Amino acid sequence: MNAPTLFHLHYHVPDVDYAATVLSSFGITPAARFGSVDGESVALDPDEDAPRDFRLRLQTNRGGTADVTLTPAPRLAFDHFGVIVDDISAVVERAEARDWSVTENERRTFLVTPWGFRIELQSPDSDLVSELGDASDCHFREVSLAVPVEARDQIDRAIRAVVGDVSNLRVVPVRESTPAVTGALLGGSEVETQRFDMRSLVENADAAGDHARS
C-alpha cells in the first residue's frame, strides 16, 4: 500500500487574482473558475473572459500533483487540506470510531476533526486525482500544519491513527489557537520558489490575522 500523500490546500483570500499570481511562482497556475450569473452556475477556463455579473465562488489552481483552491473572502483564512489514501472506507471507519464527523458527496469525503480543521480524502483512482499532472513538475515536498502547542502531540497521533503516516505532512506546535497549514516546501522542475508561506497570499501580510501566522 502507498503512504497517504497530501496534495491539496484550500484558502480563503481577499484578492483571488493576487493570490493566484503568488501561486504561479511555485508552478501552481489557474486551472478553472467556478461561479454564477443570475443564480445559474458557470464554469470558466482560466483564460476565458468572465460574463457580465459573474460572481466568483472559487478558483482551482494546479501544478503537477499540487492543487490549491482559492475562494474570495474578507480576510485570509485556511479552510482544509486534502490527502490521497488507498482505502477511504477504512479511514472513515477509524474516524467514526473516534467520534469524528464525516461528510460526503459525489466527489469528496471530509473528516471534521475535534480541533476545528477538516481533512479531505481522495482515492488514487478518483476523478479529481486523475486530473492532476506529473509530480516531477510540481509537488508538495513538506506541508506544515501549525497547531496549538498543548495539542500538538494529540493531534499528530490522531492523524496518524486515523489517516495514516502522511508522507509529506509535518505537525508543528505554535502559540496561536487556530490550526492552519501555514507553510509548505515545494519541489519540481516548474517550481521557481520552493518555500510557500500562507501569508504571502495577501498583499498586507501584517493584517492577515493570528490564524495566518506560522
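Two strands count as paired if DSSP finds at least two bridges between them. Helices (H or I, at least four residues) and strands (E, at least two) are themselves DSSP runs, numbered from the N terminus. By these rules L111 stands opposite I119 in β9. The two residues belong to an antiparallel pair, in which strand β8 (residues 109–112) is joined to strand β9 (residues 118–122) by four bridges.

The model is predicted: local features need pLDDT of at least 70, side-chain atom pairs count only at pLDDT 80 or more, and totals for chains, interfaces and linings use all residues. Residues are numbered from 1 along each chain as its sequence is written, and side-chain values use heavy atoms, with hydrogens and water left out.

The pair β8 and β9 is part of an open sheet of nine strands, in the order β3-β2-β4-β5-β1-β6-β9-β8-β7, with mixed pairing. Its edge strands are β3 and β7 (101–104), each of which pairs on one side only. On average, neighbouring strands of this sheet are turned by 20° against each other, direction ignored. Axes here are lines fitted to C-alpha atoms, for helices over the stretch in contact, and angles run from 0 to 180 degrees between N-to-C directions. Strands of a sheet pair through backbone hydrogen bonds, either parallel or antiparallel.

V37 has E40 in β3 as its bridge partner. The hairpin of β2 and β3 has two residues between the strands, and D38 there takes a positive phi near 55°. D38, which is not a glycine, sits in the loop between β2 (29–37) and β3 (40–44). Is D38 buried or exposed? Its relative accessibility is 70%, so D38 counts as exposed; the cut-offs are under 20% relative accessible area for buried, over 50% for exposed and in between for partly exposed (1.4 Å probe, protein chains only). D53 also has a positive phi without being a glycine, at a value near 65°. Its place is in the loop between β3 and β4 (55–63), and because its relative accessibility is 52%, D53 counts as exposed.

Further into the sheet, T60 lies in strand β4 and T69 in strand β5. With 10% relative accessibility, T60 counts as buried; T69, at 7%, counts as buried as well. Contact means heavy atoms within 4.5 Å. Leaving aside neighbours within four places in sequence, T60 is in contact with T29, P30, A31, A32, F34, V68 and T69. With those neighbours again left aside, the contacts of T69 are H8, L9, H10, Y11, L58, Q59 and T60. Helix α1 (residues 16–24) lies across β1 (5–13), β2, β4 and β5 (66–72), and runs at about 165° to β5.

Another pairing involves strand β10 (residues 139–148) and strand β11 (residues 169–174), which pair in the parallel sense over six bridges. From β10 the chain crosses through helix α4 (residues 152–162) to β11, and this β-α-β crossover is right-handed. The term right-handed applies if, with the strands pointing away from the viewer, the path from the first strand over the helix to the second runs clockwise. P148 has V174 in β11 as its bridge partner.

Within α4, the buried residues are I155, D156, A158, I159 and V162. They cover an arc of only 165° around the axis, so they lie on the same side of α4; the arc is that of the directions from the helix axis to the C-beta atoms. These buried residues pack against α2 (88–97), β8, β9, β10 and β11. Just after α4, G164 takes a positive phi of about 115°.

The interior can be described in terms of nonpolar cores, each a set of buried Ala, Val, Leu, Ile, Met, Phe, Trp, Tyr and Cys residues joined through side-chain atoms within 4.5 Å. The largest nonpolar core has 50 residues, and those with the most contacts inside it are Y11, F81, L111, I159 and V163. Its largest share, five residues, comes from α1. V163 touches P4, V83, V85, V91, R94, L111 and I119, not counting residues up to four places away in sequence. A second, separate core of five residues includes I84, L128, V129 and L132.
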